[in-house]
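Trainee: I would like to learn how to read the features of a model like this one. Please take me through them in order.

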Amino acid sequence: RRRVSYSSSFKWWSPHTLLKVVAGIKSSAQPWHVSPEDDDRKVRRREKNRVAAQRSRKKQTQKADKLHEEYECLEQENTVLRREIGKLTEELKHLSEALKEHEKMCPLLLCPMNFVPVPRPDPVAGCLPR
């Protein structure tokens with residue numbers, strides 16, 4: 001009995017041809033020969049697979065390019081926001097220092113009478129013409 005091992009060349013053969021090979025049935029003209037139809041199918045399948053693989057790689061590359069562009073935009077936006085945070089932090093520091101200096105000499109804060117609620121005139125009414 002002849003032992004047939006599965007090799008990579010068998011995977012492109014049609015199921016009908018594989019059955020013939022495994023069963024030991026020889027084709028009419030040449031033993032172990034793949035028919036022209038099987039060859040054509042194999043070539044078409046390989047071409048179709050090659051085109052599909054190219055399409056898949058192109059799509060993957062486009063997706064990676066788009067993600068890279070998005071990443072760069074977000075990095076730029078992040079840099080701008082970090083600068084703005086730095087400016088606002090400096091402004092807060094400056095204003096806090098100015099407020100502390102003002103509180104030391106503000107007559108309104110130093111006068112104990114200012115802690116008693118006193119009815120005050122409406123500031124908007126003072127601006128309106130009479």
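Trainee: Is Lys-104 buried or exposed?

Mentor: Buried means under 20% relative accessible area, exposed over 50%, and partly exposed in between, with a 1.4 Å probe and protein chains only. Lys-104 is exposed, at a relative accessible area of 59%. Before going on, note the ground rules. This is a predicted model, in which local features need pLDDT of at least 70, side-chain atom pairs count only at pLDDT 80 or more, and totals for chains, interfaces and linings use all residues. Residues are numbered from 1 along each chain as its sequence is written, and side-chain values use heavy atoms, with hydrogens and water left out.

Trainee: What is the average pLDDT of the protein?

Mentor: pLDDT is the predictor's confidence in each residue, from 0 to 100. Here the average is 79, and 62% of the residues score at least 70. Where pLDDT is low, the predicted coordinates should not be read in detail.

Trainee: How many helices and strands does the protein have?

Mentor: Helices (H or I, at least four residues) and strands (E, at least two) are DSSP runs, numbered from the N terminus. The protein has four helices and zero strands, giving the pattern α-α-α-α along the sequence.

Trainee: Which elements have the lowest and the highest mean pLDDT?

Mentor: Helix H4 (residues 123-127) has the lowest, at 56, and helix H2 (residues 36-105) the highest, at 95.

Trainee: What percentage of the residues count as buried?

Mentor: Of the 130 residues, 6% are buried. The accessible surface comes from the Shrake-Rupley method with a 1.4 Å probe; for residues, only the protein chains shown count as cover. The protein exposes about 12,600 Å², and carbon and sulfur atoms supply 59% of that area.

Trainee: How many salt bridges does a search of the whole structure find?

Mentor: A salt bridge is a side-chain nitrogen of Lys or Arg within 4 Å of a carboxyl oxygen of Asp or Glu. The search finds three. One of them joins Glu-101 and Lys-104, at 3.2 Å from N to O. These two residues lie three apart in helix H2, so about one helical turn separates them. Glu-101 is partly exposed, with a relative accessible area of 45%.

Trainee: Which residue forms a salt bridge with Arg-41?

Mentor: Asp-38 does, with the closest N and O atoms 3.2 Å apart. Arg-41 and Asp-38 are three residues apart in helix H2, which means a separation of about one helical turn. Arg-41 is partly exposed at 39%, whereas Asp-38 is buried at 4%.

Trainee: Which residue forms a salt bridge with Arg-50?

Mentor: The partner is Glu-47, and the closest N and O atoms are 2.5 Å apart. Again in helix H2, Arg-50 and Glu-47 are three residues apart, about one helical turn. Arg-50 is partly exposed at 39%, and Glu-47 is partly exposed at 37%.

Trainee: How many disulfides does the structure hold?

Mentor: A disulfide is a covalent bond between the sulfur atoms of two cysteines. The criterion is a pair of cysteine sulfur atoms within 2.5 Å. The structure holds zero disulfides. As for cysteines, Cys-73 is exposed, with a relative accessible area of 51%, while Cys-106 is buried at 8%.
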